[in-house]
Amino acid sequence: MKICGVQGVSVIDYPGRIASVLFLGGCNFRCPFCQNADLVLRQESLPGLDLEEMMQSLEKKKGFVDGVVITGGEPLIHGEALLSLLRRLCEAGLAVKLDTNGYEVELLREALAAGLVDYVAMDVKTSLAGYSKAAGKALDTRRIEQAIRIIMDSGARYEFRTTCVPGIVAESDIREIAALVSGAQRYYLQQFRPSGPMIDAEYEDVRPYDAATLGRFLSLVSPSVQTCGLRGA
Ligand code: SF4
C-alpha cells in the first residue's frame with residue numbers, strides 16, 4: 001500500500017470535521033472519466049510518503065485536525081494493510097472517513113463491523129446495467145448492491161454520490177439509482193468537471209450537463225433519500 005499524497009488540512013472533504021486527506025495508489029476500476037489517472041495507472045511514478053512520518057505529522061496536528069479522509073484510487077484494495085492503518089488512526093483518536101467504490105465488499109464489511117470507519121462515501125457510478133461501462137471493466141454488480149446494503153445497515157454515517165458524466169449517467173440511470181439508494185441518509189449529485197489527464201482522453205471533451213438538467217435529476221432522487229444535494233453545479 002503506497003501513500004501517494006497528503007493534503008494536510010481540508011474543511012470540505014469530511015462533513016463536520018477538519019481533516020487531513022491521504023491518497024492511496026491503485027484502483028480495481030478503470031473509470032474512463034477518472035481524473036486520478038496517475039494514482040490509478042502510474043502510482044510507481046509518484047513519490048511515496050513514509051507512514052511513520054505521516055502518523056507523527058497527524059499527531060502534531062491533533063486538536064486542530066480531528067479527522068482523516070482515506071481516498072484513492074480505491075483504498076479497499078489494500079486489504080490488511082488498510083485495516084492496520086485504520087486501527088492506528090482510531091487508536092490515535094482520529095475519526096476516519098473512507099471514500100470507496102464499494103467493490104471490495106468483504107473488506108468494507110469488516111472495517112465497518114470493527115467500528116474503524118466513522119463516515120463512508122461510496123460512489124454509485126450509474127445504474128447497474130451501465131456499471132461496466134462506467135467502471136471501464138466487466139463487473140459483478142451484485143457486489144455494488146451488497147455494498148450499498150452493508151453501508152446502510154452499518155450504523156456509520158454515510159453518503160452515496162454520483163458524478164453526472166454525460167454518456168455514463170442519463171435520466172433513466174438516475175431513476176434506477178434512486179431505487180438503489182432508497183432510504184439513504186445522504187445522496188449527492190456531483191457536476192462533471194472535465195480536466196485532464198483522464199483515463200480515457202475522449203472524456204476530456206465531454207460537455208457537462210447544464211444546471212437545469214442537474215436540478216431535474218435531483219428532483220428525481222430527493223423523494224427517495226433523507227438528504228440530498230448538488231455539488232459543483
Ligand atoms: S474514478 Fe474510478 S478509476 Fe478513478 S479512482 Fe475512482 S473508482 Fe478508481
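User: Why is Lys 62 called partly exposed?

Analyst: Lys 62 has a relative accessible area of 38%. Buried means under 20%, exposed means over 50%, and partly exposed is what falls in between, using a 1.4 Å probe and protein chains only. Since 38% falls in between, Lys 62 is partly exposed. One thing to keep in mind: this is a predicted model, where local features need pLDDT of at least 70 and side-chain atom pairs need pLDDT 80 or more, while totals for chains, interfaces and linings use all residues. Residues are numbered from 1 along each chain as its sequence is written, and side-chain values use heavy atoms, with hydrogens and water left out.

User: Where does Lys 62 sit?

Analyst: Look in the loop between helix 2 (51-61) and strand 3. Helices (H or I, at least four residues) and strands (E, at least two) are DSSP runs, numbered from the N terminus. Lys 62 and Phe 160 are 98 residues apart along the chain, and 28 Å separates their C-alpha atoms.

User: What makes Glu 80 partly exposed?

Analyst: Its relative accessibility is 49%, so Glu 80 counts as partly exposed. Glu 80 lies in helix 3.

User: And why does Ala 92 count as buried?

Analyst: Ala 92 has a relative accessible area of 8%, and that is under 20%, so it's buried. You'll find Ala 92 in the loop between helix 3 (79-91) and strand 4 (95-100).

User: How do you know that Ala 156 is buried?

Analyst: Ala 156 comes in at 9% relative accessibility, so it counts as buried. Ala 156 is in the loop between helix 6 (142-152) and strand 6 (157-164). Asp 118 is 38 residues away from Ala 156 along the chain, yet their C-alpha atoms are separated by 5.5 Å.

User: What surrounds the ligand?

Analyst: Cys 27, Phe 29, Cys 31, Cys 34, Val 40, Gly 73, Asn 101 and Lys 125 do. Gly 73 lies in the loop between strand 3 (67-71) and helix 3.

User: How does that shell divide up?

Analyst: There are five nonpolar residues, two polar and one charged. Ala, Val, Leu, Ile, Met, Phe, Trp, Tyr, Cys and Pro count as nonpolar, Asp, Glu, Lys and Arg as charged, and the others, Gly among them, as polar.

User: How many aromatic pairs are there?

Analyst: Five, by the rule that rings of Phe, Tyr and Trp (its six-membered ring) pair if their centres lie within 6.5 Å.

User: Why is the pair of Tyr 209 and Phe 217 called edge-to-face?

Analyst: Their ring centres are 5.1 Å apart, which is within 6.5 Å, so they pair. Planes under 30 degrees apart count as stacked, over 60 as edge-to-face and the rest as tilted. Here the planes are at 80°, so the pair is edge-to-face. Tyr 209, at 19% relative accessibility, counts as buried, and so does Phe 217, at 1%.

User: What makes the charged end of Arg 143 count as over the ring of Tyr 103?

Analyst: The rule wants NZ of Lys or CZ of Arg within 6 Å of the ring centre and within 35 degrees of the ring normal. The charged end of Arg 143 sits over the Tyr 103 ring, 3.8 Å from its centre. Likewise, the charged end of Arg 231 sits over the ring of Tyr 188, 3.7 Å from its centre.

Terms used: A residue is near a molecule or strand if one of its heavy atoms lies within 4 Å of it.
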